[in-house]
Structure formats: structure tokens, C-alpha cells
Amino acid sequence: MTNEEIARFFSETEVNLTENTRLREPQIEGYQAVRDFFSNGMSGHAILQIPVGCGKTGLMSILPFGLANGRILVITPNIEIRNGVTDALDFNNSSCFWRNVDFLQNFQNGPFRTVLDSRDANLHDCNNAHFVVTNIHQLASSAERWLPQFPDNYFDLILVDEGHHNVANSWQRVFDKFPDAKIVSLTATPFRSDGQIINGQNIYRYAFSRAMRRGYIKQLTSINAAPSEIYFTYQGNEHHHTLQEVLALREEAWFRNGVALSRETNISIVDASIQCLQRIRQTGFNHQIVAACCSINHAREVASLYRERGFNASHISSHMKREERDEVINNLRSNRIDVIVQVQILGEGFDHPPLSVAAIFRPFRNLSPYVQFVGRVMRVVQQNSPYHPDNEGIVVSHIGLQQDERWNDFKLFDNDDQILFAELLNSEETELTNITNPETENRNRERRRIRPNMTVIDEVIDSFITDDFLDLNDQGAIDEAIHQIGQLLGVSAEDLGLTREELIGRLLAARQRAELKPQQIPVQPQEARKERRRRLNEETRSVAGRIIQALNLAPQAPNLVPLFPQFASRNNIGVIIRLMHHYVNERMGFESGIKGELSIDQLDAAINILDDIGDQVQEEIFTRLNR
């Protein structure tokens, strides 16, 4: 097909747009904003700011009609999002957007779509398509397989999903390749965690609060565990502080990092998130928790805390094998687990509406990754029902992590506070890189320690700090609720014999929830002991892995085998793990092979000395390697 044939298709095909009640507000309004921006045949780069779950893929599906004068290129940041867009643009797929909203009646002449991949696509497929769908790595990888094949005028319209990525060099190469193409970037957060302004002009914005009122996304609530007293050690000294003092201390990175990695504060977040989960599960729907952690070892610790309390939990990270990650996701989708604990992996494009509680165990320092993570619990269970009890999303954290400030930033950003917006771009998401013992990063052969310099040893949680994203008395929300009731029943409040004031009173009463009081979730002693034993093995492996990194050794290489023949191991990691076990047993007075007989206290004591044991093991290995 030529560009002229494709242009005729998009200009002459009959579509159901202006009177289509199945299309959402941001889709219709966003479509019109793009038409206005590119009026008079102008090129340029437009940004549409639309929350997760509000129909960005559907909007991309309808944008070319009446606008495109040639072929459309759709670019996604990863394969998972690409696959979702591919299905939406396939008229033979049950997920086809045009069919599901009755946008098109006839598909004899298209629109056709081609998917670029590394195995089964060629230029002929692209020539026969109206839409070419790809992820950015496939399109603009270092191999440069695809870009050189396309003439500079091959695409008339470029649609960028998750457009906050568009300042990266790979995206810029694509834009430069097609200089006359119209470009539309769609994103929920039109800024980056590194402070860079994304390419384009923001021409349309659909607020999160507006989406909540319409029932496109869940109504969100923030809950923070707030200790009236907290006890911790820092650099060998013991400290005791009140809540007001905690609010001042959390300005310091060492304090936030200590709160993030301390077992006691993690327990407070775990217990609070379980309480929230139990409350929203009273509807009978199997809601689930998604948790954000600092590191793989931290994720394992948090997952263990949930399992101790009788909730099935699994962790997931990019360091796992693909089949292991797939198994965790399959278990989540099939309701075999209650909690998924992730380390910077379940990001944009991950669609699973039963995730309704977001538990934050790490200090997000920038708004963009915070909103991206909270977005995991925004997708509604019941479509277009803003006050349905299953459409509640809860964000849980600890006041010492300072995430209430990110929450407030989020609300101000949604109010389009441009001064704040500029200030947000100046902060960087740097804390995770030095989350443990940042003072020692520059020393040679330094092994990052499992435990931070600050450790919470006890705290008293007697209240939660709770805040709803939507003000219960907000007149806009009340007007929307009245509108929704009218649409549902087909009658107005006056027809029901209710004044506006009476209806408002009933709505507010229905939306008020019983105050959540902090409770410690009971733990079966046997489960606690089993999980502690698991944690001893996991943390031993974590320390061993960090020793491998510090000494620049290959885990599977045999360098250490002849130096420690008594352990009969076949590779470096095996030698280090056995050496760790040896010194733990020696320090604790344990006999070899009796870990199954140890008490909780004995296992805790062994876990707490692993950092010191790691230092001892690393020094011994270094000495033997350099004799």
C-alpha cells in the first residue's frame, strides 16, 4: 500500500466517534485535542497526559482516523506493552478495541497491522500494513536492522506509548529518521526521574481525580504507619525518639534507609497492608498486594514476613530466569499467591486489576517512579463504578520513609501546580543505588553489607496517618456521583424525592469507612521458625554473592576449590557458602547439620552475625588468593 492509499483509508472509512457512548472522555477529548494541534497539515510533537487504566491504547487506535496521511508507527517501551497494543489493533482478536467499542463496522480493507520482531517479520509485511507496531529496542537497537530499511517519509504518524521515555537516544534516532512525521506521546507522568523534560508540547491533560470520579481508575487512599515511639541503633549507639522527632529525622538519608531495611518497620508495613487487604476482601473479591522493595534480599525478607502471617507471597526481580518470573506472574493471575514483592520490575504496562494494595518498603525520592508504582493498583475491578467497594486502592507505607510527601506531591501534581511541577523535576532517584552503607562505597574490595548502619529494634504503632486522594466533601466528586446514580437508575434525585442536600448526606455517609486501628497480625511460632531458617539460607547466599562481586570472582569458576579442599565444592559460590556456614556454626557453637533443630532466637542470632562473618570470610579468601 502507498501512503496515498492509506491516507484515503483513514479519511474515508466510516467510524462511530462523536455519538459513541462506549468511548471514554479522555479518548474523545484527547482525539479532538490532537486533531486541533495538527490542523492545517502541521507536523510537530504532542503530549497527551492520561492516567493508567483510562484507555491510552484505545485512544491510539482511533487517533489516525481523520488525521493520518500515511502509515502509522506505534512504539512501546517493552514487549509486554507491545503485545497488548498488538492485540488491540488486531481485528481478529477478542481484545480488538475497534470491535469492542463498535468504532468500525467493516474490516474488509483493514486496518491491517504488522508487528516487528526479530524472527518473523519483513519489509513486505510493513508495506501491506496501516499500523506497524514495535518496541523501541527492536526498532532502534544497536544492530539497526529496521530503521535503515524505511524511507524517511515511510511513516506519517508516530504514536509513542509511555512517552516519558522519549528523550532517550534510541527514541530520538527514530524521530530524527522521520523528520516530517506527526508525533504523539501518551503518558501518565510527563516527566522523568532524572529531571529531564520529555520531548513535545503538552496539549491535553486528564486528571487522576477526574478519572477516579468517573470510575476509570480506583479511588485511592494513603495509609502510613506512624510510631509514637521508635527505638534504633545507629553506628553502635542506641536512640529513642517520638513521632515528632521521627518526622524531622526522616529528612536524613541514613534514617530513611534504616527504616526501609529494618525488620521491625517492615513488620509494621506488612501488618498494615494485611489489615487493608482483609478489609477490602470483605466484598468477597480476592484482592491482592503488590510491594516495592530496595533489593532482592530485601524482597525476600518482606515476602518471608507475609508468609509468616499465613499469606502466600513470592518475590520477583529482573535477576530471575524468565521461566521463574513467568511462574510467579502465573501464580498471581491465578490467585495462588496473595502478595507479589517486586524490585523495579512490575512497572508500566503491567495490567492486573486485583492488585489493590500497594505496600511501599523503599524510599521513592522522585514522583515519577512513585506514581508508576502506585499505578499498579489503579486499574478498576468493576468498570465505570466509582463507588463500588471493589474499586478502592490503598497505598501503605511507614511515616519514616517520607512517602507521605510523595503522596502530597502526587495530589498537587494532579491539581496542575506548575511551580511544584518544576521543583519536582530537580530531584533525582539516587537513593536506591547506595541503600546500604553508602559511606564505604569508595573503598577497594568493599562488600556492601546486608544490614544498614541504622537499625530499628522496636517501635510502638498506635495510629495510622490516613488521607484520601479525593476530598469526601469535594463538590465535583459529589456532582459526579449524582450523575452516575442518575445514569444507573435513569431518574434524577428530584424524581426520587430527594433534595441535593439529602443526597449529599447519604453519599457522604455511604463513603465513610470505619477508622482502621493498627493491629499486630499474629504469627504461628512454627511458621516463624521455618521462615527464619529459610532467611538464614537466603541471606547467607546474598552475603556470598556480594563477596563474589567484591573480589571480582566468577560464581561458577573453580578458583577457590583447591584453596578449600575440605568443602568438596565444585565452584566459587559453593566454597563461599560452605565457608560461611562453617564460621556461623563455629561462632554460634552449633554442630554441623543441626539447623533444623534450632530455635527462632538461635536462628535470629545467626542471621544477625552474617555481615561480620562475611567480612571474615572475604578477608580469608583474599589472603589465600594473594599468597
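These are my notebook entries on a predicted model.

**Confidence**

I started with pLDDT. The chain averages 87, and 87% of the residues score at least 70. Among the elements of the chain, I found the highest mean in strand β13 (residues 355-360), at 98, and the lowest in helix α17 (residues 418-424), at 48. Over residues 424-443 pLDDT stays under 50, and there the model has 47 contacts beyond four places in sequence.

Next I looked up the strand order of the open sheet. Its seven strands run β3-β4-β2-β5-β6-β1-β7, and the pairing is parallel. Which strands sit at the edges? They are β3 (113-115) and β7 (201-205), each of which pairs on one side only. On average, neighbouring strands here are turned by 20 degrees against each other, with direction ignored.

I then picked one pair to follow. Strands β2 (residues 71-76) and β4 (residues 131-135) run parallel and are joined by five bridges. As one partner pair, I wrote down Ile 72 and, in β4, Phe 131.

**Helices on the sheet**

Helix α2 (residues 25-37) touches β1 (44-49), β6 (182-187) and β7, and its direction makes about 145 degrees with that of β7. Helix α8 (residues 169-177) touches β1, β2, β5 (155-161) and β6; I noted about 160 degrees between its direction and that of β5.

**Cysteines**

I searched the whole structure for disulfides and got zero. Cys 293 is in no disulfide, and the nearest cysteine sulfur, in Cys 294, is 6.8 Å away.

**Helix α15**

Last, I went to helix α15 (residues 367-374). How many of its eight residues are buried? Seven are, so I wrote the helix down as mostly covered. The buried ones are Leu 367, Ser 368, Tyr 370, Val 371, Gln 372, Phe 373 and Val 374. At the start of α15 I also found a side-chain oxygen of Asn 366 within 3.0 Å of the backbone nitrogen of Ser 368.

Technical notes: Residues numbered from 1 in each chain as written. Predicted model: local features only at pLDDT ≥ 70, side-chain atom pairs only at ≥ 80, totals over all residues. Heavy atoms only, no water. Pairing = 2+ DSSP bridges. Helix = DSSP H or I, 4+ residues; strand = E, 2+ residues; numbered from the N terminus. Axes fitted to C-alpha atoms, helices over the stretch in contact; angles between N-to-C directions. Contact = heavy atoms within 4.5 Å. Disulfide = S-S within 2.5 Å. Buried < 20%, exposed > 50% of the residue type's maximum accessible area, 1.4 Å probe, protein only. Polar contact = N/O pair within 3.5 Å; in protein donor to acceptor, adjacent residues only side chain to side chain. pLDDT = per-residue confidence, 0-100.
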